[in-house]
Amino acid sequence: MTGHHTTQHAQSHSPAASTTLSSTESISLLSLSLACIGILANTFQGDGEPLIASLALSGLAFAGTYALIRWLGPTFMRSGLKGVDMSKQTRRELPECMGAICAVVYLLVVIVFIPFPFYKDIVAATSGGGNRDVVLRVEEVQRGRFLHRFPHGKLASYLSAIISLQSIAILGIGDDLFDIRWRHKFFIPAFASIPLLVVYFVDFGVTSIVMPIPLQPYLGELFDLGPLYYAYMACVAIFSPNSINILAGINGIEVTQSIVVALLLAFNDCLYLLTPYPHPATDSHLFSLFLLLPFLGVSFALLWYNWYPARAFVGDTYCYFAGMVFATVAILGHFSKTLMLLLLPQAFNFVYSVPQLFGLVPCPRHRLPRFNKRTGLMEPSVTEWVPERQPKPAVAWMLRMLGRLGLLMVKVDGDGKFVETSNFTIINLWLVWRGPLREDRLAGEITAMQAVVGLFGLFVRHRLALLIFKEDNWGL
Ligand code: UD1
Ligand code: MG
């Protein structure tokens, strides 16, 4: 792409490369948008058909994001939002924080979507829509229009989701602008989740978990976690965004992992919509789809630019935003354990990172794999140990242990002193196992691993669950 035919000394991208859409792109995006608008207009003839409206709006979200990233990339760079792609032969600066565009388009789309799922209710509650209820009987005057029939609770869930996502977008953009310290930003998602937790408290209030059969004789069929359940959900909100942000550093990986998780969550939602009888959880899974489909729309557009060789970076905004979309649907849909199954690679990466996150092993600003300019391949990046500064005995024992288990690359000199150890991320570990790989191959393999683990997780969730729980709530 641009990088290959610019000279060695080119400071940055070739400026004329890409601020406008080609005519093919314009025509495709325009046709897609027109088709989506047509579909959207059509939904008003029936009951509002919210699922179809959501699909159409997601198409619009894709087209909008695709065009805006192209148009605004250079503007972002001019205001300093740019980053160097560290794994390329030539030094290239790319627009950073493109996730902000995704977040804004996404938020606009879910706001525009608000009337659709409530279309039927609005019509029912206002006797035919708008202000047309001219004749009121005395007993109805007190209650105004039939607004007591309107599902305010559902609207509250939806609005709380929007507030949470807006808060996290602000945090993400702030972080991309000012590089907030890790320990300062870590807990902010918990605050962003407060609207969700309040709605959860009012709407569900379920704080008990179903016990596996072997434990039932001791703890009963349901075990009430009480307030701890809220702490647990706040932890989900902290974990999900942060864990996606640290499984990062090679072109495309932030977006592909999010797309895989979103697709699997949407697939899981569809299972509930396809049950032969109306399932009690149908509504929360529909709700989840309404939030996931536009997310997929903006993410695919972003992936177009972020896949190898990247023409734009996603920024922390995208990682936090993606994580919060998942936390939101999981909390309000009451399926946070399913989400955890889908985030197993992130969980592993998080736990694996602990020695560096907590400073037992020095943690450089960047832990992304090292680009070998000679071979053009990615290799594990390392922490170097000088003879004067060796790890403490307990840490040294742990490093040797991990090395022996094949979970770390460890190099020692003749005296048994540490020379270097690979950085503690799943991406580096993958390279330790697989040997040097080209960047896109590496991203592809990790994404495939995410998909396989996630599918297996869902399988366990729905099939094997029957072995240790009395029933699977999918009910087939
Ligand atoms: C997290 C990771 C860090 C990793 C970084 C890469 C932890 C604790 N932090 O930090 O180790 O190096 O993400 O995103 O695990 N970049 C590339 N190629 C890419 C993606 C990013 O070179 O494909 C570089 C660019 O210079 C870009 C920068 O990484 O500007 C973005 O880093 P940022 O997202 O700010 O890092 P953190 O999220 O703080
Ligand atoms: Mg980041």
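Which residues coordinate the magnesium ion (ligand 2)? I looked there before anything else. Asn245 (OD1) and Asp316 (OD) coordinate the ion, at 2.0 to 2.2 Å. Donors here are N, O and S atoms within 2.8 Å of the metal (3.2 Å for Na, K and Ca), and water is not among the atoms, so sites may look incomplete.

**Ground rules.** I noted that this is a predicted model, where local features need pLDDT of at least 70 and side-chain atom pairs count only at pLDDT 80 or more, while totals for chains, interfaces and linings use all residues. Residues are numbered from 1 along each chain as written, chains are lettered from A and ligands numbered from 1 in the order written, and side-chain values use heavy atoms, leaving out hydrogens and water.

**Magnesium site.** I then placed the two residues that coordinate the ion (ligand 2). Asparagine 245 is in helix H12 (residues 227–246) and aspartate 316 is in helix H15 (residues 315–332), so the pair ties together parts 71 residues apart in sequence. Helices (H or I, at least four residues) and strands (E, at least two) are DSSP runs, numbered from the N terminus. Asparagine 245 and aspartate 316 are both buried. Buried means under 20% relative accessible area, exposed means over 50%, and partly exposed lies in between (1.4 Å probe, protein chains only).

**Ligand 1.** Next I checked what surrounds ligand 1. I found 18 residues around it, and the closest are Val84, Glu96, Asp316, His366 and Arg367. A residue counts as near if one of its heavy atoms lies within 4 Å. In the side chain of glutamate 96, an N or O atom is 2.6 Å from an oxygen atom of ligand 1. Asparagine 245 has a polar side-chain atom 2.9 Å from an oxygen atom of ligand 1. The protein covers 89% of the 720 Å² of accessible area that ligand 1 has on its own. These areas come from the Shrake-Rupley method with a 1.4 Å probe; for residues, only the protein chains shown count as cover.

What kind of peptide bond joins tyrosine 308 and proline 309? I read a cis bond, with omega about -15°. Most peptide bonds are trans. Proline 309 sits in the loop between H14 and H15, and alanine 310 is found in that loop too. Alanine 310 counts as buried, at 0% relative accessibility. Alanine 310 touches Asp85, Arg92, Leu94, Asn251 and Tyr305, leaving aside residues up to four places away in sequence. Contact means heavy atoms within 4.5 Å.

**Aspartate 440.** I found aspartate 440 in helix H20 (residues 439–468). Aspartate 440 is buried, with a relative accessible area of 19%. Trp307 and Tyr308 touch aspartate 440, not counting residues up to four places away in sequence.

**Strand S9.** Is S9 enclosed or open? I saw that 4 of the 5 residues of S9 (residues 418–422) are buried, so the strand is largely enclosed by the rest of the structure. Strand S7 (residues 382–384) pairs with S9 in the antiparallel sense over 3 bridges. Two strands pair if DSSP finds at least two bridges between them. Glutamate 384 has glutamate 420 in S9 as its bridge partner. Strand S8 (residues 410–412) also runs antiparallel to S9, joined by 3 bridges. Valine 410 has threonine 421 in S9 as its bridge partner.

**Phi angles.** Last, I looked up backbone angles. Aspartate 179 has a positive phi of about 50° although it is not a glycine. Histidine 334 has a phi near 60°, also positive, and counts as partly exposed at 33% relative accessibility.

Methods:
A polar contact is a pair of N or O atoms within 3.5 Å; within protein, one must be able to donate a hydrogen and the other to accept it, and residues adjacent in sequence count only if both atoms are side-chain atoms.
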